[in-house]
Amino acid sequence: MSHLRVLSPGLHTTVQDLGRFGYQEQGVPVAGMLDPVALRLANALLGNPSGEAGLEVYAFGPGLAVESESVRLAACGPVRLTLTRDRETTSLAAGRSHLLRRGDVLAVGAVAGAMVAVLAVEGGFDLPSVMGSLSTYTRSAIGPLGGKPLSEGMLLPLRRASAAARAERALAAAFDHGAGPVRVMPGPQADCFTDKAMTDFLSAEYVVDQAADRMGLRLIGPKLTHRGEAGIASEGLVSGCIQVPGDGQPILLLADHQTVGGYAKIATVISADLARVGRAAPGTILRFTAVTQAQAEAALHESERSVRAAVDGMIDPGGGLDLVALYSANLVSGIVSAEAS
Amino acid sequence: MLIRDVGDTAFSVEFDGNAEVMGLRAAIRRSLPLRGLVELVPSLRSLLVCFDPQATSRAEIEAVVAALAADIGGDAMGEGRLWRIPVRYDGPDLVDVAKARGLSVEEVVGLHSTAVYRVLMLGFMPGFAYMGGLSAALRLPRLATPRLRVPAGAVAIADDMTAIYPWESPGGWRLLGRSSVCLFDQSREPPALLAAGDRVEFFAE
């Protein structure tokens, strides 16, 4: 039996991959990681396929006990990791892989400066996919683990009984999700709004409200006025759609958004900036700027190049004092084997 | 027909009615595989076309879809599957609906269970089918204050549509009865019982 035992669940920790596509016409939301870039990077650190499912840590992470011979894992995102081994605690860095062994306890702490981080394991979790995906949509209990978030006592089965014999990997630097205004394409219902509403939307600051979850972010800022009614015939949505109900306060839809919605949408965040808004925590100040389809395509190209550069630029962190590696391989032999590999 | 931008990974094709939406969906399905197509989301009056901008370009996929859209006929909807669904007409709003429309309870049940409905789209929650074709004599707006808990299986009406709640949830539709039919089962393929384009009849059990 190889698994991680959930000692404490965290605030809302779920198994997610890059989303469940193909079922929206049946009313099933896509779900998936709010920060898909973090998942891809964590998987790269572990040698996994880029879409392998991991844990999404939402605001505050879980405590996990290793109940396998060993496991290699990696967290990506601004999160604190604490390893307890033989009653000694050590801080572990995010953005690199770590080798843990049976009896180790990993505490994933608070996510600081963002809403989410990702924790992935080498080889992935041994869970059955549901409708072709390991993403979890808790509102309708769809996904692995009964479609529920982690809870105390749960077992997360591991595909690998032990970690592969290889050196650890680290990102050379924390991934830069970008700064400056969030890029949007106006529409699909830009024509439902007054000119002033569009001007305000593209010039003012909007603050991410406390009312934020995996479905979306409520944005507080200048009220956006519709020319007529706020309601439209219900229609399909994508992550990044910015819908505006009658109260004029926009809602930026994220991974767990419903498949159809009946509010006019002033604009849609482009795919290159989705991970950035997906990880935005309450209090984050957002500005928006309009781009064309061609600019959005160029931005996606650029963002994919950044992800590839981060993957290609991964380094062996072995040079420093890596307490985990030292402990796990009886101090001296650890250093030797790291050099030999 | 109007094509609207929905970010850089989707566009919507908007029509006057649902029949064209179904017609375009059918036409695209006949043309598969279509490079870069991720999925189609039909709704009341539009079809959302989701694509992978790294596998195709907006210009390429829009050209194919627009050509297909220009060619769909008025009778594009087709027959669809026909479902006959048993309903126990004992909903908490049955008497109020009858009073509000000046009907007897029996007349409400009769009107609801003699129409043939058309599934226009799914949404709101997995397996929730919006069905058009409700008798004009039964049309009422949603409740001013939605219920916090509508039970799974509730058969409900709102405006010109009827629906069955697949899950317990909050809801503002008026409840006429309940059905024990399983509308969504994630271990089944497809998980949703009803699909856009299907026809549905209800009968009192």
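How many helices and strands make up the secondary structure of chain A? Six helices and 21 strands. Helices (H or I, at least four residues) and strands (E, at least two) are DSSP runs, numbered from the N terminus.

The model is predicted: local features need pLDDT of at least 70, side-chain atom pairs count only at pLDDT 80 or more, and totals for chains, interfaces and linings use all residues. Residues are numbered from 1 along each chain as its sequence is written, while chains are lettered from A and ligands numbered from 1 in the order in which they are written.

**View 1. Chain A as a whole.** The C-alpha trace of chain A spans about 70 × 35 × 30 Å along its principal axes. Of the 341 residues of chain A, 51% count as buried. A residue is buried if 20 or more other C-beta atoms lie within 10 Å of its own, exposed if 12 or fewer, and partly exposed in between, with C-beta atoms placed from the backbone. Among contacts in chain A with a separation of 6 or more, 77% join residues 24 or more positions apart. Two residues are in contact if their C-beta atoms, placed from the backbone, lie within 7 Å.

**View 2. Where chain A meets chain B.** Here 32 residues of chain A are in contact with 35 residues of chain B. On the chain A side, β15 (231-236), β19 (265-269) and α4 (293-312) each supply at least two residues. The chain A side divides into 15 nonpolar, 14 polar and three charged residues. Ala, Val, Leu, Ile, Met, Phe, Trp, Tyr, Cys and Pro count as nonpolar, Asp, Glu, Lys and Arg as charged, and the others, Gly among them, as polar.

**View 3. Two helices of chain B.** The axes of α1 (residues 18-30) and α2 (residues 58-69) of chain B come within 9 Å and cross at roughly 125°. Axes are lines fitted to C-alpha atoms, for helices over the stretch in contact, and angles run from 0 to 180 degrees between N-to-C directions. α1(B) and α2(B) are therefore oblique to each other. Angles under 35 degrees count as roughly parallel, over 145 as roughly antiparallel, 65 to 115 as roughly perpendicular and the rest as oblique. L24(B), A27(B) and I28(B) of α1(B) meet V65(B), L68(B) and A69(B) of α2(B). The contact residues divide into six nonpolar, no polar and no charged.

**View 4. Two cis peptide bonds.** G187(A) and P188(A) are joined by a cis peptide bond, with omega about 10°. P188(A) sits in the loop between β12 (182-186) and α2 (195-201) of chain A. In chain B, the bond from L32(B) to P33(B) is cis, with omega near 0°. P33(B) lies in the loop between α1 and β3 (37-42) of chain B.

**View 5. Positive phi in two loops.** Most residues other than glycine have a negative phi. R87(A), not a glycine, has a positive phi of about 65°. R87(A) lies in the loop between β6 (79-85) and β7 (88-92) of chain A. It counts as exposed, with 5 C-beta neighbours inside 10 Å. Phi of D159(B) is also positive, near 50°. D159(B) is in the loop between β9 (154-158) and β10 (161-164) of chain B. D159(B) is partly exposed, with 13 other C-beta atoms within 10 Å.
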